[in-house]
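Thanks for passing this one along. Here are my notes, in the order I would go through them on screen.

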Amino acid sequence: DGAELAVSVDADSIWANPRQLRKSVDDLPAVAKSLAKLLEIDEVPLLARLNSDRYFVWVKRRASAGESKAVLALKLPGVSISKEARRFYPNRELAAHVLGYSDVDGRGIAGVELMMDEKLRGSRYSTPVVHDGRGRMVDSDHLLDDLATQGHEVTLTIDKTLQYFAERELELAVRTAEAHAGSVVIVDPTRGEILAIANYPTFNLNDARKASDAEKRNRAVAERFEPGSTVKPFTMAGALAAGVVQPSDSIDCREGTLVVDGRVIHDAHHFDKLSPAEVISRSSNIGISKIATRMGRDRLHRVLSGFGFGQVPGSGLPGEVAGSLRPYQRWYAMDAATIPFGQGMSTTNLQLAMSMSALANRGRLLDPQLIKRVVDARGQTVEEPLPRVRQQVVPERVARLITDIMVGVTGEGGTGREAAVEGYLVAGKTGTAQKSDPAQGGYSKDKWVSSFVGFAPAYKPRLTIAVMLD
């Protein structure tokens, strides 16, 4: 909506001519000490630069107005101030992991700043000119066009208001649950536009150097996790599309216990017989595992791949990774039983949001879109991506059936009642997956990934929201 997220502003940069400075002052170490103290920089490398035989060295780039004023008051010959463009992020932490940041020379090194660096920074070019005897330019065969070298303006699909709410609620959720970290992704399911990506912990973009690697990590696109039961609707969609299960069928859930290859799969509650809708709304591992057996490994793998699992989503954000979905030929019996409910595979929160958006979007998987438009310095639109359909994963009637089923998840008797919103129908699915324990082997007894992914309004979807708490 035109809200500024990253802008360039003029900043004072302090430089010196070491040759001139040394001719004009008697005690260069004392000068270096004074400057270092005023500017809060290291005295030793500064003195080394001032002792050099060069005509130009930086003293401090991007200094504050107060620092510039204090240096000017010293009236040191050979020490000057010039203006440089500096990146400024008016909303501090807002969308930090999406926007990224740039270095002191304006080169993008993370996020959109890196992704769109070439377009944002503009360009330089050389042109032949004629000089007079004093080296002044007097003529050129080529018109010098300042606008041609300026960087483009990039508009994102991010909605500043939704981004703010996502970050606020995520921080509250992580603190309340005493969780390690978390992420939220919000997508427009009918266009594939990313409206918000929130991660916690986070950092202030204007002081990115002080942030830790953990704070800078864009978990929503760079962190894999086992999605758990949020995968069940996709498995069910594949089974309905293949015709191996009907909405009226009764699935024997064996009172909550199923032995596979000598190991036991449990349900959180003991169920006898459930309909396919109840298998999802009450989140029966055994029920969905038995339905997946009817499909066969190859068909299950094909439908999960069709929803984008095991693939890079394609937002273009640096650090984006694919989840894991091994070829079905390499599955053990236990894999074939647990992958239908999201264990033995992994995904990212962005991928989970895009997969759920396919169900919201009548069975069509879209590529994620982060760039709304790119405009050059003359105001001409040079790039305006359109929504891209990757494929029709399941028929529209199946997507509608799964929507009906997932509305039951947030209704009475469902596992996601807290996701119900007054005045709207919400379709979604909860997920709770044990984390793997490399030290002990197998799965941890007390470390979990909790997730919810859904869309609303259920039958005219505007938002898909995926939440993950580690």
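1. A word on terms before the strands: two strands pair if DSSP finds at least two bridges between them. Strands (E, at least two residues) and helices (H or I, at least four) are DSSP runs, numbered from the N terminus. With that in hand, strand S7 (residues 182-188) and strand S19 (residues 463-469) run antiparallel and are joined by six bridges. Ser183 has Met468 of S19 as its bridge partner.

2. Some ground rules. This is a predicted model, in which local features need pLDDT of at least 70 and side-chain atom pairs count only at pLDDT 80 or more, while totals for chains, interfaces and linings use all residues. Residues are numbered from 1 along each chain as its sequence is written, and side-chain values use heavy atoms, with hydrogens and water left out.

3. Overall dimensions. The chain has 18 helices and 19 strands. The C-alpha trace spans about 95 × 50 × 45 Å along its principal axes.

4. The sheet around S7 and S19. These two belong to an open sheet of five strands, in the order S8-S7-S19-S18-S17, with antiparallel pairing. At the edges sit strand S8 (193-200) and strand S17 (427-436), each pairing on one side only. On average, neighbouring strands here are turned by 10° against each other, direction ignored.

5. A hairpin worth a look. Strand S10 (residues 257-260) runs antiparallel to strand S11 (residues 263-266), and four bridges join them. Leu258 stands opposite Ile265 of S11. Two residues lie between the strands, and Asp261 takes a positive phi near 55°.

6. A helix pair. Helix H2 (residues 28-39) packs against helix H4 (residues 65-74) at an angle of about 160°, with the axes 10 Å apart. Axes are lines fitted to C-alpha atoms, for helices over the stretch in contact, and angles run from 0 to 180 degrees between N-to-C directions. H2 is therefore roughly antiparallel to H4 (the label applies to angles over 145 degrees).

7. What makes that contact? Leu35, Leu38 and Leu39 of H2 meet Glu67, Ala70, Val71 and Leu74 of H4, contact meaning heavy atoms within 4.5 Å. The residues divide into six nonpolar, no polar and one charged; Ala, Val, Leu, Ile, Met, Phe, Trp, Tyr, Cys and Pro count as nonpolar, Asp, Glu, Lys and Arg as charged, and the others, Gly among them, as polar.

Note on methods. Angles under 35 degrees count as roughly parallel, over 145 as roughly antiparallel, 65 to 115 as roughly perpendicular and the rest as oblique.
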